[in-house]
Amino acid sequence: MKSATPNAQLDAAHRPVEHRGRGIALRIGGVSCFAAMMAALKYATLHGVGPAEILFYRNFFSLPTIVLWVVLNGGVAAVRTKRPGAHATRSALGLSVMFCTFVALSMLPLAEATVISFSAPLFATILSALVLKERVLWHRWGAIAVGLLGVLVVIRPGASGLPALGVAVALAAALGAGGVTITLRQIGQTENATATVFWFNIACVIATAIPMPFLFHVHALNVWAALTLGGLLGGIAQIMMTAAVRFAPVSALAPFDYLQMIWAMMWGFFLFDALPTWNGVLGALLIGSGGCYVIWRERKARTVIVPSSNEL
């Protein structure tokens with residue numbers, strides 16, 4: 001029998017007894033923080049902050065919370081890795097997804113940008129069949145079709161008034177998030193979640209800091225507040241989402257991620273006077289239904305694909 005890897009031993013040593021109620025509460029808290037983060041960053045885009053700047057500040061202002069979390073969960077031992085190349089690949093893909101997400105956020109209403117992003121689990125299932133050669137039966141293909149129909153309902157090609165480029169970038173981000181899910185599956189076989197989150201954040205800060213001398217602008221105090229709040233909420237959300245998995249299985253938690261779509265509609269109304277559209281609500285229901293069914297079937301197969309908010 002093979003002995004457990006150091007990372008597996010570390011995870012086992014720090015894994016509490018299952019407590020689904022606590023895990024669900026943490027997941028809902030994480031999703032709520034992600035939704036508030038997106039609202040804060042949408043506010044920043046409306047006040048002249050470009051996607052590249054937002055990408056840097058999102059990661060820079062979340063770094064203190066991530067570092068504190070690492071210190072409290074094993075320190076250096078928790079983030080030690082023998083696969084720097086795998087983390088580099090995951091970080092490059094994740095950073096691209098994050099950039100596309102913020103570009104889409106700058107071009108689309110908050111609710112529509114969020115709803116489209118939640119088609120990522122559908123794309124992840126498609127990619128798992130094409131890339132990992134996993135078996136996907138007809139009922140899951142049916143659920144994927146329902147979810148993709150929901151995307152069409154939201155964007156209503158030629159009739160919604162949404163900018164075509166913004167929609168295309170949002171779909172590219174969702175497809176990329178599906179690819180990240182596949183990458184995380186492979187990394188997760190040897191790396192613990194703490195190391196993955198930490199190195200992704202570090203790589204993002206370093207990569208996005210390089211062009212900042214050419215992109216930096218002085219902003220109003222309210223804009224700086226939104227950028228700082230967005231980064232802090234993003235870091236807290238990542239910690240809560242990861243902590244939730246320690247208390248409950250992902251299959252029990254993932255459906256709650258879709259609450260972010262409801263939050264996005266509420267923030268859009270209260271902050272930006274954007275009423276939810278009927279096609280947006282119907283599309284969200286179709287995407288959520290298809291995604292939840294895929295998650296349920298993945299639970300039966302013991303490999304769960306989670307929604308895309310973890311990438312932000």
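Predicted model: local features only at pLDDT ≥ 70, side-chain atom pairs only at ≥ 80, totals over all residues.
I'll start with the overall picture. The protein has 16 helices and zero strands. It has 312 residues, and 52% of them count as buried. The accessible surface comes to about 14,200 Å², and carbon and sulfur atoms account for 71% of that. Now the contacts between residues at least 6 apart in sequence: 89% of these join residues at least 24 apart.

What caps the N-terminal end of α11? That is Asn 192, with a side-chain oxygen 3.1 Å from the backbone nitrogen of Thr 194. Thr 194 is also on the list of buried residues of α11. Others on that list include Phe 198, Phe 200, Asn 201 and Cys 204.

Last, a residue in a loop. Asn 73 sits between α4, residues 63-72, and α5, residues 76-79. Is Asn 73 buried or exposed? Its relative accessible area is 17%, and the cut-off for buried is under 20%, so Asn 73 counts as buried. A polar atom of the Asn 73 side chain lies 2.8 Å from the backbone oxygen of Trp 69. Leaving aside residues up to four places away in sequence, Asn 73 touches Ala 78 and Arg 246.

That covers the chain, the helix and the loop residue. You can find each of them in the structure above.

Notes. Residues numbered from 1 in each chain as written. Heavy atoms only, no water. Helix = DSSP H or I, 4+ residues; strand = E, 2+ residues; numbered from the N terminus. Buried < 20%, exposed > 50% of the residue type's maximum accessible area, 1.4 Å probe, protein only. Polar contact = N/O pair within 3.5 Å; in protein donor to acceptor, adjacent residues only side chain to side chain. Contact = heavy atoms within 4.5 Å. Areas by Shrake-Rupley, 256 points an atom, 1.4 Å probe, with all protein chains shown as cover.
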